[in-house]
Amino acid sequence: MAGHAEGRQCLAKRLASTFPGKGERKGGVINTISKLTKTCTLRLTVCKLYFILSDKVANGGASMWCELCQGNFFDEFQMEGVAAEHNEIYLELVPENLSRALKTAHSAKAVKIKLTNKHCPCLRVAVELPSLSSSSRIVTHDIPVGVIPRRIWNDFREPTMPDFDVSIYLPVLKIMKSVVERMKNLSNFIVIEANLSGEMNLKIETDLVSVTTHFKDLGNPPWASEDGCQSSAQGRNLESMAEARIDIKKLQQLLAGQQVNPTKALCNIVSKRIVHFILLHEDVSLQYFIPALA
Amino acid sequence: MFFQHYCWTAVSDPCHKEKELSLPCKLIVKAVLPVFRCANVLGRNVEKCSISTSPSDHHITFQLLCKHGVVKTYNLTFQECDPLQAVFAKHMCPNILKVHSRLLADVMIHFPTSQEEITLSVTPVKVCFKSYTEEDTDFSRTMVTEIHLSPEEFDYFQVGVDSEVTFCLKELRGLLAFSEATGVPVSIHFDRCGKPIAFSIEDVLLEASLILATLCEAQKEADSQERCCPQQWGSSETHPDKPSGDEPNSTDISKHPQRDGNAPTNPVAKQEVKSIPRVTGRDVTGRAGTATAEAAGEATEAPYQKFHSLFFGAVSYKEKDATGHTFQSLATASDTEEDLGPLQSSPVL
């Protein structure tokens, strides 16, 4: 980063395997994200890491916001951002590369991640693996990243919760995934509809066939509305379905990436506009927005 | 030892009295695979497998004698060929490493399956495998991986000369899968860059050798002047667009102790490439299949030598394509794409 206008950016993170769960979980998150998108933005702050995909047309309008607390994943975390007031770093990277680099992290003695600049800025992931001999095996992966200049940081702000019509808990993801995967063979689009009585339908329709899968007793999350901000959901007929027709591939990718069952999984539907998925794990939260198509 | 009964009837041929009487032939691997598919099922049902040849009409017959009187017969056509002798003296290599295939597999897992070439760098105190990068590699798009090992991890470690050799990883994966299946350790013999590198496995029942060319480092300087792009030869030839059962071509399996010293034989098509072929930059075009056919034909001296290599197997494959031979096979190769035999590159690695 010689001559880089953004100033010093050095970063050292050590992800230790004394808590083996950590490496695995981080690998899990990265795996999920690598299935959703080819490139994404990694935002580093002092306490948190964010994986962001903004809703550009190239992504088919889908966007993602994934947040994790660095303390849950790293034993040591040092970061120096652009400047004191803006102690953050934004990097563009290919999550697949990071996923691959961390593939063996679960059996590692230690994993270190550094931001360096050799031929170009890259994340150097150094994995220390046990070996039969006295000295360990060291695997280093240099993952090229792009440093995102501060002037466009605004593009990567947290998306606001949409004013949804219905909010509902998702069915068991495994079942939902297998249903969607089979439907994917028949159609490119799927309609998600749900109501405030805990009922959800997944529908596809083609010239030859239409298939609907019904789920019930899913439960609706109790969004507290002190000032009645969730007005479109208030006073809504409990049986009335809100629906959105979305690209089935996006939904399938989201479900395929979930290896571990989330603590909470729900979606908010804005009729005919957008579906907002929220998946919460112990230490990671993932939000995924899929726009509705005509 | 491998066979219960092995009978060879030499066909007398007065003109070839001096030559060893053998039947060099080649078969399409894809046609043979279905015969031995589903090893579990075979183990349960098949009592005996009989392999016979009738040289006169170029047939080789596989007969599976199964339980309950069921007999499955496969008649495959073969084509006679002139095997190419690889002139490579393993025992003259200054660097020899011996290690269990598991270690190599654990190392290779860190490289993406799309990684074509890797570089092995050794000194007496360390070993390093890294992804191969050229002068003009776009580092902003390429992920580079390096693995450092200690010599203690190897069963046998001899480094006579510090060297850094670059070879085709894809080919190696095939041999590693095979080695893991047989459980036999792998020996690596090599020298300085430019000289071939040999991976071999050897036990009582079988011997297999994979000899790969390595990139000649000196060429790197000449390249910048010449402005040619020296693509790896290894990848181009043996990985055409269509997947096929014919890879790896450079691997040779001899199912009985070798009778002719340590030079592995490899059944190869017509062309006897005895000289070391020169591959010119413009010929080697990445994955274009025609590259080798031209290169092999070009026994003439190119102004610069790119690779000191022993070219066989790969050459034959392209030759076959180029001449468009069709093999009559009575055993239809059913869909074997998903059915990975040990000789195909395994997705596990």
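**Burial, core and sheet**

Tutor: In this predicted model, helix 3 of chain B (residues 101-108) is largely enclosed by the rest of the structure, because six of its eight residues are buried.

Student: Which residues of helix 3 of chain B are buried?

Tutor: Buried here means under 20% relative accessible area. By that criterion, the buried residues of helix 3 of chain B are B:S101, B:L103, B:L104, B:A105, B:V107 and B:M108.

Student: How many residues are in the largest nonpolar core?

Tutor: Nonpolar side chains tend to be buried together in soluble globular proteins. In this core, A:M200, A:L202, A:L251, A:F277, B:M108, B:F129 and B:F199 touch the most other members. The total number of residues in the largest nonpolar core is 106. Apart from it lies another core, which includes B:V46, B:I60, B:Y74 and B:L76 and has 12 residues.

Student: Which residues does A:L251 touch, not counting residues up to four places away in sequence?

Tutor: A:L251 is among the residues that touch the most other members of the largest nonpolar core. With residues up to four places away in sequence left out, A:L251 touches A:M176, A:V180, A:I190, A:I192, A:I246, A:F277 and A:I290.

Student: Which strands of the open sheet in chain B are the edge strands?

Tutor: The sheet has three strands in the order 2-3-4, with antiparallel pairing. An edge strand pairs on one side only, which holds for strand 2 (46-54) and strand 4 (71-77) of chain B.

Student: How many bridges join strand 2 of chain B to strand 3 of chain B?

Tutor: Strand 3 of chain B covers residues 59-66 and runs antiparallel to strand 2. The number of bridges joining strand 2 to strand 3 of chain B is eight.

How values were computed. Residues numbered from 1 in each chain as written. Chains lettered and ligands numbered in written order. Predicted model: local features only at pLDDT ≥ 70, side-chain atom pairs only at ≥ 80, totals over all residues. Heavy atoms only, no water. Core = buried A, V, L, I, M, F, W, Y, C linked by side-chain atoms within 4.5 Å. Buried < 20%, exposed > 50% of the residue type's maximum accessible area, 1.4 Å probe, protein only. Contact = heavy atoms within 4.5 Å. Pairing = 2+ DSSP bridges. Helix = DSSP H or I, 4+ residues; strand = E, 2+ residues; numbered from the N terminus.
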